[in-house]
Amino acid sequence: MSSTNSPSSLDEALPVLVIAAPVRFEQLDPLLGEGKVSPATLVGVSEPRLSWRYETLAPHASSAAMPHLGRQSAYEIEVCRANSSVETVRVDSGEQILVSWPFAPLNSRERVSVRVRGYFGTEKTPWSPSSVVEAGLLVQQDWDAQWISPSAGAAVDHAAPVLGTTFLVEEGLVEARLRISALGIVVATINGLAVSGDHFAPGWTSYEHRLRYQSYDVAALLTPGENELAALLGNGWYRGRVASFDLHRGAPYGDYLGLLAQLEITYADGRRVDVSTDTSWRAGESNILANDFYDGQFTDLRTSTFLPVAELDGNVRELPPHAALLVAPTAPPVRKTQCLPVRTLTPLSEGRTLIDFGQNLVGWVRLCVTGKRGDRVVVRHAEVLEDGELSLRPLRSAQATDTYILSGAAQEVLEPRLVFHGFRYIEVSGAMLNPADIAAVVISSDLTRTGWFETSDPAVNDLHNNVVWGMRGNFLDVPTDCPQRDERLGWTGDIQVFAPTASALFDVSGFLSSWLTTLGDDQLSDGTVPAVIPRVFRTETPYAGWGDAAVIVPWTLFERYGDLGILRRQYGSMQGWVEKVGAIAGEDLLWTQGEQLGDWLDPLAPPDAPAAAQADPGVVATAYFARSTQLLAWAAEALGYRDDALLYEERAAGIRAAFEQKYVTEDGIVFSDCQTVYAMALRWDLIADVPRRELAGRRLAALVARHQYTVATGFLGTPLILDALSDSGNIAAAYKMVVCRENPSWLYSVDMGATTVWERWDAMLPDGSVNPGVMTSFNHYAFGAIADWMHRKIAGLTPLAPGYRHVRIAPIPGGGITSSSFEHVSPYGGIGVRWTLRDGLFKLNVQLPVGVTAEVRLPNGDQHDVGQGEYEFLATDLTTAKATAATLTA
């Protein structure tokens with residue numbers, strides 16, 4: 001965060017300038033107008049937790065000599081309320097992340113200013129810049145709006161409806177807030193101007209339990225006199241096709257779209273006037289004749305999307321009160337993040353044009369075209385080509401096609417409003433195009449980037465970049481498996497393996513917290529966790545590695561963000577899953593019953609049977625049972641639930657013992673004798689006997705060598721294999737797997753031109769043809785979980801305490817890589833690790849923020865314990881010589 005260069009109130013003889021950065025709040029929903037950001041942050045709770053970090057100048061000496069500089073000893077928080085009253089609270093604590101609100105709870109719509117300063121021993125920092133927080137609507141009684149829907153003409157096969165009203169605005173307007181939600185997705189305008197840059201609001205939740213509402217500062221869009229408020233409704237997830245392979249399920253949540261809107265206008269004399277949805281509103285059809293996430297959008301530009309409200313000729317009806325709880329978002333909205341130009345444009349037969357954007361992405365295409373009135377322009381999307389044409393088979397039933405009927409205007413901009421696509425290539429028919437007239441609009445949840453990684457190996461860098469792009473495309477309101485075909489679902493198995501990577505690359509604290517709330521809503525009463533969240537399947541089966549997301553994802557958020565609150569909130573869900581599995585396993589503590597997805601997409605499994613992996617399903621399931629039970633024990637300990645901690649610690653030990661007795665032989669062979677079962681047994685400490693554990697490590701290395709360092713693991717084994725090799729003393733084998741270029745391997749896809757991570761290792765065959773399987777996505781992030789190992793082993797940064805408060809920095813060079821860097825913005829601030837290996841000299845540079853300590857281990861075994869500051873470590877002989885260390889001076 002930025003800070004001002006005000007003088008420090010620390011003793012000027014001290015070598016560190018410490019300045020408090022602005023306060024952050026746990027719930028982030030900026031009050032936005034188009035092109036305008038309000039200084040307030042909206043929260044949907046009465047007692048928001050607070051976080052802050054410190055920015056420092058480089059010290060002249062290590063903080064080990066002056067430990068009070070490395071960690072805050074106390075803090076003061078000041079709140080200023082609307083009546084100008086000021087209250088200050090001092091807390092003697094070193095905590096600065098997600099601390100409790102120390103004041104009286106906020107009321108709905110209350111707006112306060114907050115600032116903080118820290119104490120380091122007897123010294124204190126300046127006050128931080130003030131941050132303004134505004135409470136949303138905290139109780140259902142704050143809503144006087146009614147749910148409405150068009151009275152007629154709004155079936156799924158009709159045009160997308162527009163609902164609107166007119167209202168008067170008097171002189172003396174002070175502020176205006178639009179609170180809005182929808183059954184479906186909504187695009188709102190005031191006087192013809194979009195109220196925000198958000199897309200697909202209110203997003204996808206378990207609609208029967210919880211519906212989000214957005215709040216926007218719209219004062220700048222209002223003018224004295226008559227004004228118009230209108231809302232375009234799309235099918236979105238609510239009424240569009242979802243999970244088409246499940247009996248072509250459509251309209252999964254309801255047959256009718258709905259709108260809830262409450263425009264709150266406040267005047268200088270203190271009056272508040274609400275303009276709310278009711279039966280006085282009008283309805284009409286837009287020019288969007290069809291819209292579906294899978295199939296695309298059909299738009300007739302001969303009429304307008306938003307007609308003047310006076311021309312809306314339909315009535316609306318009031319819908320019954322919706323049972324869902326209305327909540328403010330905790331995740332960032334979906335927004336446009338960038339635009340990509342055309343890389344190549346190739347004319348095809350029959351007036352078609354093939355366009356390559358050079359990057360597999362998620363979003364849509366913006367075209368500037370001219371044509372006669374009634375001309376039809378068709379845009380089709382695909383991720384890859386076959387024989388110079390779009391490869392559409394991987395889309396399955398998804399049409400992924402946008403169609404426009406032109407109005408005949410001199411120039412028309414074609415851009416969909418209610419759909420998105422996953423693509424690198426498009427085919428356009430019906431228009432003559434120049435590259436300057438075309439752009440790919442990239443969208444995703446508007447996550448803040450927090451991690452940047454690079455090495456001396458360009459192919460490894462490309463692989464990491466592919467992981468980043470895959471995450472961008474699939475973190476779209478929910479963590480989807482793929483963004484292009486008739487699926488796009490929040491598969492629990494995918495996100496539980498990828499969560500550590502995701503949290504290192506972007507701030508996903510609010511995004512995944514929101515998704516976990518939906519997981520808890522959709523979890524069955526017996527503890528079963530649905531295979532996808534939000535839930536869409538009619539029946540559910542407890543799957544090992546998928547249901548475990550209920551435990552693993554909250555624990556990951558606790559590890560990476562220091563968020564004890566997420567463990568407290570999700571604890572019942574975590575416990576419910578572990579108890580469900582315990583009931584299945586029974587007294588012998590072995591999960592051998594029921595259907596399993598297993599080590600999904602093991603490359604050695606038959607192409608038409610992705611669950612038929614080498615790893616025995618019972619071995620995999622019992623390993624996950626042990627892992628989740630252990631994590632639950634640690635969560636109980638962190639929360640202070642001592643009885644539960646002892647219970648689950650004992651149970652986890654019992655499961656590990658049962659696993660070892662049942663599945664591990666005296667000579668260290670794990671049943672089914674494949675890489676995944678060894679990876680799980682080694683990584684999760686399922687073999688207590690040290691000699692057997694060492695033998696298992698050797699066996700794993702032998703299996704990896706037998707496969708010539710290509711990948712022989714699926715969704716569940718792949719994120720563990722490199723760590724299992726590294727931890728068992730086989731780091732060279734791990735590096736050989738990373739830099740292997742034969743199929744199946746990570747770099748095979750890079751060499752084949754991939755710009756995202758693939759679902760199958762051989763999604764594209766060596767001859768350039770597409771894998772004939774029915775599941776062939778070219779944008780699937782699960783196998784990109786390798787990036788977490790890159791960050792921890794190649795760059796060397798591993799969090800050891802929640803929120804990166806204590807870290808290990810221990811790079812391990814290998815694979816011919818001669819340099820690496822990783823910069824990560826932790827909750828406490830930026831952590832930087834950079835190393836080079838040149839002519840036998842290893843040089844490591846480390847940067848730590850206030851509040852973070854590190855144990856630094858050099859490749860020769862030398863170790864240093866350091867606190868905030870910047871350091872350089874040198875080693876001339878990585879095997880025998882002692883390293884020298886010196887802190888950098890300013």
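I shall go from the overall fold to the cysteines and then to a few individual residues.

This is a predicted model, in which local features need pLDDT of at least 70 and side-chain atom pairs count only at pLDDT 80 or more, while totals for chains, interfaces and linings use all residues. Residues are numbered from 1 along each chain as its sequence is written, and side-chain values use heavy atoms, with hydrogens and water left out.

The chain has 14 helices and 48 strands; these are DSSP runs numbered from the N terminus, helices being H or I of at least four residues and strands E of at least two. The C-alpha trace spans about 80 × 70 × 60 Å along its principal axes. Of the 890 residues, 61% count as buried, where buried means under 20% relative accessible area, exposed over 50%, and partly exposed in between, with a 1.4 Å probe and protein chains only. Contact means heavy atoms within 4.5 Å. Among contacts between residues at least 6 apart in sequence, 72% join residues at least 24 apart.

Let us turn to the cysteines. How many disulfides does a search of the whole structure find? The search finds zero, a disulfide being a pair of cysteine sulfur atoms within 2.5 Å. For Cys674, the nearest cysteine sulfur is that of Cys740, 19 Å away. Cys674 counts as buried because its relative accessibility is 3%, whereas Cys80, at 28%, counts as partly exposed.

Next, the loop between strand S39 (478-479) and helix H3 (492-505), where Arg485 lies. Is Arg485 buried or exposed? Its relative accessible area is 0%, so Arg485 is buried. Leaving aside neighbours within four places in sequence, its contacts include Tyr294, Arg396, Glu759 and His780. Arg488 is found in the loop between S39 and H3 as well. Arg488 is buried, at 3%, and has a positive phi near 55°.

Most residues other than glycine have a negative phi, and most peptide bonds are trans. Another positive phi, about 75°, belongs to Ser84, in the loop between strand S7 (74-80) and strand S8 (86-91). Ser84 is exposed, with a relative accessible area of 58%.

Finally, the cis peptide bonds. One runs from Ile533 to Pro534, with omega near 0°; Pro534 is in the loop between helix H4 (509-522) and helix H5 (549-561). Another joins Asn743 and Pro744, with omega about 0°, and Pro744 sits in the loop between helix H12 (731-739) and helix H13 (746-751).

Thank you for your attention.
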